[in-house]
Amino acid sequence: MDFALDEQQRDFAASIDAALGAADLPAAVRAWSAGDFAPGRKVWEQLANLGVTALIVPEKFDGLDAHPVDLVVALERLGHWCVPGPVTESIAVAPILLAGDDRSEGLASGELIATVAQPPQVPYAVDADTAGLVLVVDGGPDAGEVSEATAGDKHESVDPSRHLYEVAATGATWQADTKRAYEFGALATAAQLVGAAEALLTAAVEYAKQRSQFGRVIGSYQAIKHKLADVHIAVELARPLVYGAALTLEPRDVSAAKAAAGEAALLAARSSLQTHGAIGFTQEHDLSLLLLRVQALRTAWGTPEEHRRRVLEAL
């Protein structure tokens, strides 16, 4: 059996890379952190033009009704480029919660950006200050009830580009497949973590070829080679788990993927920071954006401990 991505999926990923690679994402992320959403909105417009925002939206609402594997392909690339905004919530979760709602057309076109809180696992809504629609799942992922909500108190995130808000239900309540929505949220976050880990590894490898110590580039030292090889192995072990979870959407598989992706990204962050040395600690260096994003996404849509517990319970 062939589990590789097909040519169309590879081309899709390449088109996302081409668009985001020319978009100056570091500047957009910094602007988003400061409350200037215009550069980030332009990035989202590009994603809409590529069909990323329409992936999970049903065809009757001008969506693509794509397979979850296609979602993983896209969100891995968005994680690699550190796209700001409620990526998981708007692209992966909201289309499930609005499956029969005309507002899905806005999600597909990119005109509507949504965010979601799903307590207790997802207590805060990301970027509720800029989202056009705020949703809250009442009573956890098994409740099946969704409401429109308004933003309340703001909370600080380790990643300043992620604006976290308490939300309160204010609108009508409707039934939705909240269990499926949660699995999509965890899966989408895992895919972004794999992409971020890959980006951190690439940055570390490139820097290791340039930085010299004791008269030699540090990339020539066996200790550095082994450390970066460990990261590569961790990423390549996590990636198939994420794609496997996209095929089954079983809670056990999704949780295994989320936990593995989080650990791979954390290892990549530590190794990249160690490789860069003191410069990696500075806010001015673009590495800091990925380091903070990884820390935030590891606990988003379920902590590593919660997902390991789900795996153990399933076994």
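Student: Leaving aside its neighbours within four places in sequence, which residues is D62 in contact with?
Tutor: D62 is in contact with A54 and A108, with neighbours within four places in sequence left out. Contact means heavy atoms within 4.5 Å. This is a predicted model: local features need pLDDT of at least 70, side-chain atom pairs count only at pLDDT 80 or more, and totals for chains, interfaces and linings use all residues. Residues are numbered from 1 along each chain as its sequence is written, and side-chain values use heavy atoms, with hydrogens and water left out.

Student: Where does D62 lie? And is D62 buried or exposed?
Tutor: D62 lies in the loop between α3 (38-50) and α4. D62 counts as exposed, at 61% relative accessibility. Exposed is over 50% relative accessible area, buried under 20%, partly exposed in between (1.4 Å probe, protein chains only). Helices are DSSP runs of H or I with at least four residues, numbered from the N terminus.

Student: How far is D62 from E206?
Tutor: Their C-alpha atoms are separated by 41 Å, and the two residues are 144 residues apart along the chain.

Student: Switching to F184. Buried or exposed?
Tutor: Buried, because its relative accessible area is 2%. F184 lies in helix α7.

Student: What does F184 touch, beyond four places away in sequence?
Tutor: I56, P68, L71, A92, I96 and L249. A246 is 62 residues from F184 in sequence, with 8.6 Å between their C-alpha atoms.

Student: How do α7 and α8 pack?
Tutor: Helix α7 (residues 178-208) and helix α8 (residues 222-248) pack at an angle of about 160°, with axes 10 Å apart. So α7 is roughly antiparallel to α8, a label for angles over 145 degrees. Axes are lines fitted to C-alpha atoms over the stretch in contact, and angles run from 0 to 180 degrees between N-to-C directions.

Student: Which residues make that contact?
Tutor: Among them, L187, A190, V194 and L201 of α7, and I224, L228, V231 and H232 of α8. By class, the contact has 17 nonpolar, 1 polar and 2 charged residues. Ala, Val, Leu, Ile, Met, Phe, Trp, Tyr, Cys and Pro count as nonpolar, Asp, Glu, Lys and Arg as charged, and the others, Gly among them, as polar.

Student: And α10, how many of its residues are buried?
Tutor: 10 of the 13 residues of helix α10 (residues 287-299) are buried, so α10 is largely enclosed by the rest of the structure. The buried residues include L287, R293 and R298. The buried residues pack against α2 (25-33), α4 (68-81), α7, α9 (251-276) and α11 (304-314).

Student: What comes just after α10?
Tutor: W301, which takes a positive phi of about 55°.

Terms used
Helices (H or I, at least four residues) and strands (E, at least two) are DSSP runs, numbered from the N terminus. Angles under 35 degrees count as roughly parallel, over 145 as roughly antiparallel, 65 to 115 as roughly perpendicular and the rest as oblique.
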